Amino acid sequence: MRALVLDDGVALRRDYPAPQPAPGEVLVRVLTAGVCETDLQLIRGYMGFRGVLGHEFVGVAEMGPFAGRRVVGEINCACRHCDLCRRGLATHCANRTVLGILQHDGAFADMIAVPQENLHAVPDDMPTDVAVFTEPVAAAFQIPAQIDVRRTDRILVLGDGRLGNLCAQVLAALAADVVVVGKHPEKLRLLESLGIRTTLLSDPPPARSADIVVDCTGSDTGLPTALTLVRPRGTIVLKTTVAGEQTLAWAPFVIDEITLVGSRCGPFDQALKALAEGRVEVAPLISARFSLSEGVRALEHARAKPLLKVLLDVA
Ligand SMILES: [Zn+2]
Ligand SMILES: [Zn+2]
């Protein structure tokens, strides 16, 4: 089958062996996949991943209870018997693999093997181009799953890219005062058109004023910036993963009693429901699409240009 494989570099292979589903896994024929900041980080060495990239996808289940239906898949493949799994922390399973990120081939390929229990059926009337956003929208819904968001909270979202946009949309439904801080006028205009207030990073909000700051910059500058903007006893939600190490003076976390919350994968059911009800708009985020055969070019495109979502059409 065709597959976009990360080894020393990224290459399209046409002779890649089709995945052999492990017990509990089903084969899914991929229709469309989304390029994520994490894919670009993996190419730079994050996690030391080798294999087929891609973890945002819609496909058709080839077997199992959803056979013949369109599905999306949660990305963490848990063992279900370790201590963490038994405590309900399956996304943190000590033995987990992660689709396209950790020891499990991903979705930039004709076929992917996914644990049946990770799959969610896509509503029949939901376009594939909408459903392909389920994984990043779920990641946005993980923020209110982890912290209390009050109507009166002043929330700053740092980063006007894909994830910043989706987090801002989810949070704007929960709090009245949500502002996205970004660098790209055209991306900020898109947010404004969705009814979300924005400001340029060069014209930042008052220091130490935000109850909650969400770092979606994808950059090691995000956390230090968040620290200047959060109020004492405020909360910083860190969505950014950066390859390599970051240094930071940690004393302000103690002095100002800041809560730092790392935040990763979220609830697919809530994401699908919000997408079905049109509470999160994703169509305007699609800025380019390529066929899987043009996958190397698609990744270069996503890296080089300040784009929103690049889609890969597989089938
Ligand atoms: Zn992702
Ligand atoms: Zn486990």
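The model is predicted: local features need pLDDT of at least 70, side-chain atom pairs count only at pLDDT 80 or more, and totals for chains, interfaces and linings use all residues. Residues are numbered from 1 along each chain as its sequence is written, chains are lettered from A and ligands numbered from 1 in the order in which they are written, and side-chain values use heavy atoms, with hydrogens and water left out.

**View 1. Four cysteines hold the zinc ion (ligand 2).** The protein donors are the SG atoms of Cys79, Cys82, Cys85 and Cys93, lying 2.3 Å from the ion. Donors are N, O and S atoms within 2.8 Å of the metal (3.2 Å for Na, K and Ca); water is not among the atoms, so sites may look incomplete. Along the chain, the donors of ligand 2 follow the spacing C-x2-C-x2-C-x7-C. The site is tetrahedral, with angles of 102 to 122° among its four donor atoms. Cys82 counts as buried at 10% relative accessibility, and Cys85 counts as buried at 11%. Buried means under 20% relative accessible area, exposed over 50%, and partly exposed in between (1.4 Å probe, protein chains only).

View 2. Cys36 is in the loop between strand S3 (25–34) and H1, and His55 is in the loop between strand S4 (51–52) and strand S5 (56–61), so the pair ties together parts that are 19 residues apart in sequence. Helices (H or I, at least four residues) and strands (E, at least two) are DSSP runs, numbered from the N terminus. Cys36 is buried, and so is His55.

View 3. A salt bridge is a side-chain nitrogen of Lys or Arg within 4 Å of a carboxyl oxygen of Asp or Glu. By this rule the count comes to 20 salt bridges. Arg80 sits in the loop between strand S7 (76–77) and helix H2 (83–86), and Glu117 in the loop between strand S9 (111–115) and strand S10 (119–121), so the pair ties together parts that are 37 residues apart in sequence. Arg80 is partly exposed at 45% relative accessibility. Glu117 is partly exposed too, at 47%.

**View 4. Arg162 and Glu37 link two helices.** Their side chains meet in a salt bridge (3.4 Å, N to O). Arg162 is in helix H5 (residues 162–172) and Glu37 in helix H1 (residues 37–43), 125 residues apart. Arg162 counts as buried at 12% relative accessibility, whereas Glu37 counts as partly exposed at 26%.

**View 5. Strand S3 has several antiparallel partners, including S9 and S5.** Two strands pair if DSSP finds at least two bridges between them. Five bridges join S3 to S9, where Val26 stands opposite Val114. Six bridges join S3 to S5, where the bridge partner of Thr32 is Val58. Three antiparallel bridges join S3 to strand S18 (residues 309–313). There, Thr32 stands opposite Asp313. S3 is mostly covered, with eight of its 10 residues buried.

**View 6. Six strands form an open parallel sheet.** The order is S13-S12-S11-S14-S15-S16. Strand S13 (197–200) and strand S16 (259–262) are the edges, each pairing on one side only. The twist averages 20° from one strand to the next. Its axes are lines fitted to C-alpha atoms, for helices over the stretch in contact, and angles run from 0 to 180 degrees between N-to-C directions. Strand S15 (residues 230–238) pairs with S16 over four parallel bridges. Val237 stands opposite Val261 in S16.

**View 7. Glu257 and Arg233 meet in a salt bridge.** The N to O distance is 2.6 Å. Glu257 lies in the loop between helix H8 (251–255) and S16, and Arg233 in strand S15, 24 residues apart. Glu257 is partly exposed at 42% relative accessibility, whereas Arg233 is exposed at 58%.

Note on methods: Four donors count as tetrahedral if all angles lie between 85 and 135 degrees; four count as square planar and six as octahedral if opposite donors are over 155 degrees apart and all others between 65 and 115; anything else is irregular.
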